[in-house]
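Biologist: I have a new model open and would like to learn how to read it. Could you walk me through a few features?

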Amino acid sequence: MPHGAGAHALQPLSRGRRRGRRARVRCRASPRGRPAPPCPVGARAGARALGLGGAAVHRMVVLECALHGVLGGVLGLALGLPYAWLVVRAAEVSAPFTVPAGQLATVLAALVLVTAAAGTIPALRASRTPPTVAVARGD
């Protein structure tokens, strides 16, 4: 079978189940010549294979982690502030509901920094992995 578009398919390496585990799957040539889905390759491996350098992959992973921190913080504020207002209203406290904007901004910035820092080890691993190995593993 010629190697080209649609020449790969996902097929099990072993038949059936062994010791309660599902059969592993890897890319092989399609048996009947019909179009097959492309082999699964992660975004980082694909970017490295297309020529993105290690530093750029590192930067991309750290920025993705920081973005997750921003989204988590914004979602937390969007859900937490109305809930806090409801608690103050339901408790019928004579104190007014105030939002400490400076403290919330500091906590949000710290959250973004912590999530970016948490992504440095996976980013280093992704940037040091050769593209051929990353594509072969499907990272």
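Biologist: Which residues make the nonpolar surface patch of about 420 Å²?

Modeller: Leu81, Trp85, Leu86, Phe97 and Val99 make that patch. Patch residues have over 30% relative accessible area and no salt bridge; like charges are joined within 9 Å, nonpolar side chains (Val, Leu, Ile, Met, Phe, Trp, Tyr) within 5 Å. A salt bridge is a side-chain nitrogen of Lys or Arg within 4 Å of a carboxyl oxygen of Asp or Glu, and accessible areas come from the Shrake-Rupley method with a 1.4 Å probe, counting only the protein chains shown as cover for residues. One reminder: this is a predicted model, where local features need pLDDT of at least 70, side-chain atom pairs count only at pLDDT 80 or more, and totals for chains, interfaces and linings use all residues. Residues are numbered from 1 along each chain as its sequence is written, and side-chain values use heavy atoms, leaving out hydrogens and water.

Biologist: Where is tryptophan 85 found?

Modeller: Tryptophan 85 is found in helix α2, residues 54-91. Helices (H or I, at least four residues) and strands (E, at least two) are DSSP runs numbered from the N terminus. Here there are five helices and two strands, in the order β-β-α-α-α-α-α.

Biologist: Why does tryptophan 85 count as partly exposed?

Modeller: Because its relative accessibility is 38%; buried means under 20%, exposed over 50%, and partly exposed in between (1.4 Å probe, protein chains only). Buried residues make up 16% of the 139 residues.

Biologist: Is serine 127 buried or exposed?

Modeller: Serine 127 is buried, at 14%, and its place is in helix α4, residues 120-128. A polar atom of its side chain lies 3.0 Å from the backbone oxygen of leucine 124. Leaving aside neighbours within four places in sequence, serine 127 is in contact (heavy atoms within 4.5 Å) with Arg48, Gly54, Val57 and His58.

Biologist: And what is threonine 129 in contact with, beyond four places in sequence?

Modeller: Threonine 129 is in contact with Arg48, Ala134 and Arg137. Threonine 129 lies in the loop between α4 and α5 and is buried, at 11%. The backbone oxygen of arginine 125 is 2.6 Å from a polar atom of the threonine 129 side chain.

Biologist: How do I read phi, and what is phi of glutamate 92?

Modeller: Most residues other than glycine have a negative phi. Phi of glutamate 92, however, is near 50°, a positive value. Glutamate 92 sits in the loop between α2 and α3 and is exposed, with a relative accessible area of 72%.

Technical notes:
Polar contact = N/O pair within 3.5 Å; in protein donor to acceptor, adjacent residues only side chain to side chain.
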